[in-house]
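Dear colleague,

Please find below the structure that I am handing over to you. My findings follow it.

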Amino acid sequence: MLAVKTGKQIEFSAEALEKASQIISRYPEGRQKSALLPLLHLTQNELGGYLSVEAMDYVARMLHIQPIEVYEVATFYSMFNLQPVGRYMLEVCHTGPCAIRKGEWLVKYLEEKLGIKSGGTTPDGLFTLKEVECLAACGYAPMMQIGERYYEFLDTPEKVDQLLNELRSKMAQSN
Amino acid sequence: MKILLDKVNVAGINSLDVYRANGGYASVEKALRKMTPAEIIEEVKKSGLRGRGGAGFPTGMKWSFLDKKSGRPRYLVVNADESEPGTFKDRYLMEHIPHLLIEGIIASCFALESNLAFIYVRGEFKWIINILWKAIGEARDAGLLGKNILGTGFDLDIVVHPGGGAYICGEETALLESLEGKRGNPRLKPPFPAVVGLYGMPTVVNNVESIAAVPWIVLNSGDAYSKIGTPKSAGTKLISACGNINKPGVYEIELGLPVEEFIFSDEWCGGIANGKRMKAVVAGGSSVPILPTELILKTANGEKRLMSYESLQDGGFLTGTMLGSGGFIVYDENQCIVRNTWNFTRFYHHESCGQCSPCREGTGWMERILHKLENGHGSMSDIELLWDVQKKIEGNTICPLGDAAAWPVASAIRHFRDEFEWHVTNPKEAMERNFGIREKIEVAV
């Protein structure tokens, strides 16, 4: 499903612009398109966790490439969200080695606990639950990724509850 | 014997100072000051080091294919896209001893006469990307990277590049496409990256663990390395052990260790968890054939199976498997092979880039048939159909993802056909046995 059109003008903060130009400068002269993946990560982080059409067009202008070159890449890679997501994405690994060590239980428990199905977002917009393929944490199963961190050995309800509570209070503090 | 992780428990080894105080970067000093590029390549060839990403291609030979004559820029690209289910070894190495990788890159680039290297790290490893940038910064401040390294006139920069979440980018030509800012669609080979690689330039793509072995080889010689392990499987290998064992984790083993010892010794996996019996093992990442207990512990000829390229391959695909990436998954007696095969096939279906019809369509077909069988809706002819579909994927795709998707299915049917048949003859039990799946059942076909 291709992205959302927001009709909003995209503008990076000065700090984000600085980061972007630093990323672009890493690649050899004339090979600036290489910066596309890191720039999409930066953009997604800056603009609320997902990529709208306008956000992708903005990246295209930064790199002097056609918008389609950004869309085709953003739709290929699983880390880019083309729809709005909750404040915290709970990305639970459901691949083989995790699945045989309570990975399936973890998905089910989170569904019950949050009252949503895998793929859904809680009504308060706090959590999106997503099942993902192998995150290279097979020995530390069951696990999930939230933002830039891995949370591993989540094999009891207590551990999961504690983590969710921590995230909730973190959110409450930042409001 | 450990050569990669021997100092991993030294406090602060992730910092340059501690790393150097423990002998780190000695290979850079030796390579840049006392050796020629050709001499280093010769040592790596003599070492017998084979690519640690999964394919096991001799690293020195790969290096010798690099086109240096045309005078175009050459690149080293380190494959840190670690995504093969069961594999989490490169992550461990980069996280705990990042300077070993940086040191290996410098020595390797000097040998390859390359002035720019990339580390392509899977995007989910955000904290590792930060660790690597920090290590690169420290090395640069110490004059180990940048212009005129150690006053020798050799220049080198390293760029850490995040992936976007795509298993296929672990395939070297897909990785190069991705690094160029495109979709990760594998390229036709030939031409090989050694001639036409990144930006069309001569490029070597090596796994993290392969590059991390180079400093030891430079310091101790290729001959010394070749004496570790077995004649055909030189050196040590990182094995990431997971599944139903007591001690999951990353272990550095000398190649040739008996499989039985690796699984049951307290030094390694510590045996099967919860007092259960072992049922099967996937020895080298999800792509390699699954073997039942009797065949993983002993070859068909009754010889002790060893953790080496040749011993795991003994018997071909009929009774053997592969060392692969070192992703070692152990299954206890409670695990369902049909369910595991469905799970893996779902993975390959999700990760197929969609370029080749046999893989794009075939992985979906296999997933749907397996889903049907697993949930008690299958028939005996579905098992034959599944066999037929995997056979038609294997060997008919641009890149090895097709094979990687076909092999687990073929081996599961080959060694555990009775379990597939049981699912057909006992549909009610097949459904009830699966914890948590009932609510999710959608009859897919």
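**The open sheet of chain B**

In this predicted model, chain B holds an open sheet of five strands, arranged in the order 3-4-2-1-5 with mixed pairing. Strand 3 (146-149) and strand 5 (203-207) of chain B each have a single partner strand and stand at the edges, so one side of each is left without a neighbour in the sheet. From one strand to the next, the twist averages 25 degrees.

Strand 5 of chain B pairs with strand 1 (residues 75-80) of chain B in the parallel sense, over five bridges. Within this part of the sheet, B:Asn79 has B:Asn207 in strand 5 of chain B as its bridge partner.

**Chain B as a whole**

Chain B contains 19 helices and 12 strands. Its radius of gyration is 22 Å, close to the 22 Å that the globule rule gives for 445 residues, so chain B is as compact as a globular protein of that length. The C-alpha trace of chain B spans about 75 × 45 × 40 Å along its principal axes.

Two further values concern burial and contacts. Of the 445 residues of chain B, 56% count as buried. Where contacts in chain B join residues at least 6 apart in sequence, 72% of them are between residues at least 24 apart.

With kind regards

Key. Residues numbered from 1 in each chain as written. Chains lettered and ligands numbered in written order. Predicted model: local features only at pLDDT ≥ 70, side-chain atom pairs only at ≥ 80, totals over all residues. Pairing = 2+ DSSP bridges. Helix = DSSP H or I, 4+ residues; strand = E, 2+ residues; numbered from the N terminus. Axes fitted to C-alpha atoms, helices over the stretch in contact; angles between N-to-C directions. Rg over C-alpha atoms; globule rule 2.2 N^0.38 Å. Buried ≥ 20, exposed ≤ 12 C-beta atoms within 10 Å, placed from the backbone. Contact = placed C-beta atoms within 7 Å.
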